[in-house]
Amino acid sequence: MATLTQLEPMMKNTAIESISQKHFPLVHVLTSKPENNDEKKEDPFDFEKTIKFLTDPHASHLIDRRIRQLQKLHRHHTNGYILKDLHYLMKIFNILADICQDQPNYIDIFVELLQNCSKPFLLDRSTDAEIYSSALIAFYSDFGYLLRIPIRRIQKCVLETLFKSIQSSNKSPIPSDNYDGLKPATIEYLLRIQCNSDLCETLVKTLSLVENDLSLRILVIKLLQIFSAKSLECVAKMITHDCVNRLVLKINDTDATGELLFRTIETLWNILEHGDEEQISDQLNSRVTINLLQEAFLGQVTQSHSQYHRQLRNDILVVCSLIIGLKPDAPVVETGFAKQLLLFASYPELRSNSPLVKNSKLTTSQEDFEFKKLLFNTVVVLSRNPAVHELMIDSRVLLALLSYVEPLPRKNPPGTGFEWSSAQIEELQLHAIAALSILLPQSLNEYFEYHVGTRLLLFYEWTINDDEYQSHGNSFFGKGGRNNKRSQLRYILRLFRSIISTRDERVQLDLSDQGIIPSITIYLRRISQQKSMHMDQLDLDVICDGLFILSCLCELDVHRKEIFGSEGIEMLIQLLLIESPYVCGGLGYHRLLVAAIDCVWCCVVGSVINEDEFIQKQGIFALLDLIESNPKSLQNIVLGSVLDLSENSKCLHFIMAWQGRKQQQFTHVLCELWRDEEREIYVSRTEKGVIHDHKKPLMGLLQQTVPIIPLAPLEPSRAVLDLIDNMRSKIYGFFCKLGFTELPGLHEEDFVTLCIIENFLDFKMGEIWQEMVTELDMEGVKLIAPDNEAADTIIRATEERGLAVAATQNYILEQYHKQDLQVEKAFYSDIVQNHVYKEKQTEQWKSLVARTSKYPLLVTAKDYQNQAIRQSRPEEKDYSGYHTVHNLEIPNLSITAFPGRYLHIQSTPMELMNKPSELELIS
């Protein structure tokens with residue numbers, strides 16, 4: 001029997017022979033598609049059919065067909081799912097999530113579908129990213145809820161899929177133009193969408209579900225670490241669900257890789273930096289949390305034999321310092337953690353028998369160096385808790401920090417098996433001095449116990465001497481101090497400033513007796529002479545700190561002001577004369593002037609010797625120049641210092657002799673300042689500066705709008721605060737010393753302003769009385785008849801005084817107006833005389849031209865001249881008795897001018913000679 005294969009050629013031949021040659025059937029030719037044409041797009045996947053098939057209860061036994069349908073879905077979306085199909089996709093995931101718990105056969109295909117979500121979603125149009133953003137947020141929120149499935153493989157797949165989807169390395173090998181016209185979404189877009197979803201909250205809650213599974217817990221923490229570093233909203237959501245305690249709870253679980261501790265610390269660091277301080281403080285206020293962190297820290301300290309463990313140890317210490325900074329009263333003292341940190345901070349400067357110190361070894365590696373600096377910073381943060389002060393005294397950590405305050409190069413402490421490099425020693429020294437500037441003011445008893453004043457002054461003398469020191473200037477604290485000792489000088493002066501600002505008389509007396517005042521004064525004078533043409537930020541800090549130290553020491557002690565002496569006064573005058581372009585930009589010049597003026601107030605004012613020398617060296621002129629050229633913020637304090645200096649009678653003569661840049665007197669400047677103050681607070685005035693409202697002659701707009709309310713016994717009213725807010729009270733004080741009459745350099749508007757200044761005290765008393773009466777009325781207190789009559793009399797007198805001052809001002813303006821009219825009339829008369837003189841000159845010129853052009857007129861003029869000459873002569877005498885008689889006339893003279901040795905001839909004026917001719921004008 002022949003097979004089907006053998007019969008097939010015979011059947012073909014028979015069929016061909018049976019067909020007539022004239023009747024071939026019409027067959028369409030099928031050709032292959034050219035290579036250069038685009039491939040045909042696949043039909044979209046039918047999600048609704050798949051969902052219906054999966055949910056059909058009658059097809060529940062068709063497991064293989066369902067799996068094949070799901071595999072078809074996986075193959076169809078090998079490059080990623082389309083963004084517009086998200087709602088169908090999530091329905092399938094939810095259906096499979098319920099089915100997998102009962103039928104494990106679906107787990108494999110479900111994992112494959114989930115893994116496909118790690119690829120970027122595909123966009124049909126560029127606008128799909130914004131259109132489907134809310135749908136994608138809901139998808140990721142539901143995708144995170146799949147972690148509820150109690151199947152470890154699915155949970156791990158969900159976490160890995162989320163992690164891969166936001167990794168920059170997760171790029172498909174397929175070219176971007178080979179997605180069938182679709183475009184993959186960017187990683188940044190997917191990360192932003194995930195941060196806006198509920199994924200963070202779900203992951204935080206998942207920590208409790210996977211607390212016994214180390215690998216899953218690490219995956220969750222990795223995702224939390226990414227989200228906490230990228231989004232502040234995610235950090236807020238984590239804190240809301242108690243993420244800090246959930247993370248710390250299992251921080252010390254056994255992990256051979258160490259990744260759990262590392263990831264947890266990094267996540268905590270992000271949360272502490274970007275989270276809400278109050279919520280974090282509430283979650284950290286637990287001994288359990290501090291104990292777990294303490295255990296993790298000590299574990300890394302004892303096994304810090306590798307670079308990884310040292311770095312992790314430093315990270316844990318940073319997190320602990322952030323926690324202490326956010327919650328100063330955290331239970332670090334109760335758990336003993338603070339004592340251990342102080343012990344590590346004082347090692348190896350101080351010897352200790354503690355096993356913690358003996359078992360730990362520091363090296364010169366970068367990690368151990370950072371660890372030492374972090375310990376210094378942690379000590380400063382711990383000092384915010386008053387309960388730590390006793391521990392600091394017992395641990396002698398201040399003595400360990402003071403060991404760095406010595407000239408460089410520094411000798412290595414005895415008993416240490418290593419030596420810091422010169423750059424490391426320099427950086428630790430600056431860091432220690434900066435830490436002492438915060439710690440020492442809180443422990444003044446140790447100041448005397450450790451002889452801190454002597455240590456600091458010896459170090460200060462080293463910083464200002466001329467010995468060369470090639471510093472590195474690498475650290476944050478060493479900025480601007482390369483190849484010099486300026487950084488050490490800046491921070492030692494800052495340390496002096498912090499100690500002296502405590503106002504402890506014992507400390508001030510100790511430093512004064514050891515000669516700090518002349519030492520700082522001489523150095524500041526030297527640096528102000530050298531740097532008078534240029535100052536950088538570091539020089540400015542040094543000068544301002546030095547001036548502040550001198551101000552604090554000399555403020556209340558006349559003897560110290562005399563020690564300040566001539567050197568200090570010359571230094572202050574040099575600083576006051578420095579112009580703003582030569583000081584560093586920003587607020588540098590403002591800082592310098594404020595410090596210098598404060599030093600004048602504290603070191604000069606109050607000592608007659610210093611005041612006389614300051615005035616004689618024209619320091620008062622420098623202050624007055626500052627009033628003229630500086631803004632209001634500085635004018636106020638300069639006026640205050642000059643006003644106090646004016647208590648010295650010699651000062652008034654210099655004030656009256658001063659002239660500004662525009663040759664204006666100081667009295668005029670004061671009136672200008674008064675008017676500027678009134679314009680700024682919107683006092684009611686006319687265009688000429690006359691009082692407009694006689695009931696409120698001094699009130700500004702703000703004072704009028706603030707309602708009067710009953711105040712506490714010691715609380716100042718608005719009228720009293722007005723004296724502090726502006727300069728009008730100081731200006732009134734100046735005029736009380738200079739007087740209100742016969743003042744030079746005043747203009748019309750100045751006299752008008754002076755009328756108000758002269759009555760300033762009466763007007764201000766009237767305001768205060770008005771406030772008192774109003775407050776009593778609001779409180780329901782009625783005055784007795786005599787008091788009521790007195791209050792009414794005072795208020796009425798103030799109003800009448802306002803009317804009288806306004807009338808005086810109008811009278812002054814009227815008199816000045818009359819004077820202006822008289823000046824105008826005199827000026828007009830001068831103009832008339834000038835015109836008459838010009839007309840006379842014109843007539844004389846015309847007569848001259850006529851005489852020179854017509855001879856008969858010249859003869860007539862000559863005759864007239866001769867006649868005038870004869871008439872002017874006295875009667876002729878008889879000259880017969882004289883031998884010789886000279887003729888006084890020159891014969892044959894053809895001029896009408898009076899001849900002499902020098903002849904002056906009137907000719908054509910030069911302006912007429914230079915005038916172009918009419919022909920030239922026409923051309």
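**View 1. A network of salt bridges and the chain as a whole.** Arg-525, Glu-567, Glu-570, Glu-613 and Lys-617 are linked in a network of salt bridges, a salt bridge being a side-chain nitrogen of Lys or Arg within 4 Å of a carboxyl oxygen of Asp or Glu. The model is predicted, so local features need pLDDT of at least 70 and side-chain atom pairs count only at pLDDT 80 or more, whereas totals for chains, interfaces and linings use all residues. Residues are numbered from 1 along each chain as its sequence is written, and side-chain values use heavy atoms, with hydrogens and water left out. The protein chain has 45 helices and 2 strands, where helices (H or I, at least four residues) and strands (E, at least two) are DSSP runs numbered from the N terminus. Buried residues make up 45% of the 923 residues in the protein chain; buried means under 20% relative accessible area, exposed means over 50%, and partly exposed lies in between (1.4 Å probe, protein chains only). The chain exposes about 51200 Å², of which carbon and sulfur atoms supply 54%, the areas coming from the Shrake-Rupley method with a 1.4 Å probe, and for residues only the protein chains shown count as cover. Among contacts (heavy atoms within 4.5 Å) between residues at least 6 apart in sequence, 77% join residues at least 24 apart.

**View 2. The salt bridge between Arg-591 and Asp-541.** A search of the whole structure finds 37 salt bridges, and one of the pairs joins Arg-591 to Asp-541, with the closest N and O atoms 2.9 Å apart. Because Arg-591 lies in helix α31 (residues 588-604) and Asp-541 in helix α29, the pair ties together parts that are 50 residues apart in sequence. Arg-591 is partly exposed, with a relative accessible area of 33%, whereas Asp-541 counts as buried at 9% relative accessibility.

View 3. Glu-680 forms a salt bridge with Lys-632, the closest N and O atoms being 3.1 Å apart. This pair links distant parts of the chain, as Glu-680 is in helix α36 and Lys-632 in helix α34, 48 residues apart. Glu-680 is partly exposed with a relative accessible area of 45%, and Lys-632 counts as partly exposed at 28%. The side chains of Asp-676 and Arg-679 also meet in a salt bridge (2.3 Å, N to O); being 3 residues apart in helix α36, they are separated by about one helical turn. An α-helix has 3.6 residues a turn, so residues three or four places apart point the same way. Asp-676 is partly exposed, with a relative accessible area of 34%, while Arg-679 is exposed, with 52%.

View 4. Leaving aside its neighbours within four places in sequence, Phe-139 is in contact with Leu-86, Leu-89, Met-90, Phe-93, Cys-117 and Phe-121.

View 5. At 1.5 Å a residue, the 14 residues of helix α8 (residues 152-165) should span 20 Å, which agrees with end C-alpha atoms that are 20 Å apart; the expected span is 1.5 Å times one less than the number of residues. The buried residues of α8 include Ile-154, Cys-157, Val-158 and Leu-162, and what covers its buried residues includes α4 (86-100), α7 (133-145) and α11. Helix α11 (residues 214-230) is mostly covered, 13 of its 17 residues being buried.

**View 6. Helix α39 and its surroundings.** Helix α39 (residues 728-738) is mostly covered, with 8 of its 11 residues buried, among them Arg-728, Lys-730, Tyr-732 and Phe-735. These buried residues pack against helices including α34 (632-645), α36 (666-680) and α41 (760-778). The helix is followed by Gly-739, whose phi is positive, near 95 degrees.
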